[in-house]
Amino acid sequence: MESNRMYSIPEKFRKIENLHIVFWLIKDMSWAMLWRPLGILMIFPTLTVAILITWQTRKLKSELYHNLAVLFWITANCYWMIVEFMGVDDTLRYYAIIPFSIGFIFIAAYYLLIRPNEIRHQKTVMVNLEVSEVAVNIANAE
């Protein structure tokens with residue numbers, strides 16, 4: 001079950017996320033500069049690392065749903081790049097709306113369905129303690 005405390009990203013996961021950004025930037029830069037071979041080559045590591053990140057965060061709903069959205073965003077992005085690089089019918093790029101929409105559905109599902117349910121089920125525990133004046137004075141002195 002997901003904890004109510006802040007999620008701290010383990011260092012090994014952070015390194016993978018940083019590597020993912022590098023791959024993604026190289027892919028998009030290659031697309032912008034029309035470096036077809038490098039752009040197409042970078043699809044594999046970019047998607048692979050996005051899948052790995054999604055798998056690593058699968059137990060944390062917030063992270064999972066956001067990473068699924070990113071995965072589908074990158075998928076749409078890669079498809080669109082391939083359509084442009086291959087010089088086929090430009091109207092085929094409109095099919096990128098399918099993975100873009102799936103990613104949006106994951107975000108909408110999280111914020112409209114899952115997150116409100118998580119908030120409703122958060123438990124607040126109130127504890128009343130009687131503390132002597134001496135203990136309060138000692139605590140305030142430090």
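Me: What makes Trp-24, Trp-31, Ile-43, Ala-50, Leu-71, Ile-74, Cys-78, Met-81 and Phe-85 a nonpolar core?

Reply: In this predicted model, these 9 residues form the largest nonpolar core. The term calls for buried residues of nonpolar kinds, joined through side-chain atoms within 4.5 Å. This set is therefore called a core.

Me: Which helices supply at least two residues of this core?

Reply: H1, H3 and H4 each do. H4 gives the most, with 5 residues.

Me: How do you know what Ala-50 touches?

Reply: Contact means heavy atoms within 4.5 Å. Leaving aside residues up to four places away in sequence, Ala-50 touches His-20, Leu-71 and Ile-74.

Me: Which residues of H3 are buried, and what covers them?

Reply: Ile-43, Pro-45, Thr-46, Val-49, Ala-50, Ile-53 and Thr-54 are buried. Their cover includes helix H1 (11-32), helix H2 (36-41) and helix H4 (61-86).

Me: How does the reach of H3 compare with the expected span?

Reply: Helix H3 covers residues 43-56, which is 14 residues. The expected span is 1.5 Å times one less than that number. That comes to 20 Å, and H3 reaches 20 Å from its first C-alpha to its last.

Me: Why is Ile-97 called exposed?

Reply: Exposed means over 50% relative accessible area. Ile-97 has 52%, so Ile-97 is exposed. The residue is found in helix H5.

Me: Which nonpolar surface patch includes Ile-97?

Reply: One of about 770 Å², made by Ile-40, Ile-82, Met-86, Val-88, Leu-92, Tyr-95, Ile-97, Ile-98 and Ile-102. H4 and helix H5 (97-121) are the elements that give two or more residues. H5 has the largest share, 3 residues.

How values were computed: Residues are numbered from 1 along each chain as its sequence is written. This is a predicted model: local features need pLDDT of at least 70, side-chain atom pairs count only at pLDDT 80 or more; totals for chains, interfaces and linings use all residues. Side-chain values use heavy atoms; hydrogens and water are left out. Helices (H or I, at least four residues) and strands (E, at least two) are DSSP runs, numbered from the N terminus. Buried means under 20% relative accessible area, exposed over 50%, partly exposed in between (1.4 Å probe, protein chains only). Patches are made of residues with over 30% relative accessible area and no salt bridge: like charges are joined within 9 Å, nonpolar side chains (Val, Leu, Ile, Met, Phe, Trp, Tyr) within 5 Å. Accessible areas come from the Shrake-Rupley method with a 1.4 Å probe; for residues, only the protein chains shown count as cover. A salt bridge is a side-chain nitrogen of Lys or Arg within 4 Å of a carboxyl oxygen of Asp or Glu.
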